[in-house]
Amino acid sequence: DSAYTRALELNPTLAAAWQNRGNLMARANRLDEAASAYTRVLTLLPGNVAATYLYRTITAPTGTSCAS
């Protein structure tokens, strides 16, 4: 996390660093921080498919099904 934090201190517009930080936070089950990082990606790159998917994956209610 410290490498991404440092990179983002130097350049807060690095969408890839925000997404990677989000991935790291999600793996650590720090979902609020992950969601915040993915939101930042989407602010920088609206419509980013990967960030949209990752954000929805961690913010979707549990126990839901896509099956009809």
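**Reading the labels**

Modeller: Both E9 and R6 sit in helix α1, three residues apart, about one turn of the helix. Helices here are DSSP runs (H or I, at least four residues; strands are E, at least two), numbered from the N terminus.

Biologist: What makes E9 and R6 a salt bridge?

Modeller: The definition asks for a side-chain nitrogen of Lys or Arg within 4 Å of a carboxyl oxygen of Asp or Glu. The closest N and O atoms of E9 and R6 are 3.5 Å apart, so the pair qualifies. The structure holds two salt bridges.

Biologist: Which ground rules apply?

Modeller: This is a predicted model, where local features need pLDDT of at least 70 and side-chain atom pairs pLDDT 80 or more, while totals for chains, interfaces and linings use all residues. Residues are numbered from 1 along each chain as its sequence is written, and side-chain values use heavy atoms, leaving out hydrogens and water.

Biologist: What is the average pLDDT of the protein?

Modeller: The average is 90, and 90% of the residues score at least 70; pLDDT is the predictor's confidence in each residue, from 0 to 100.
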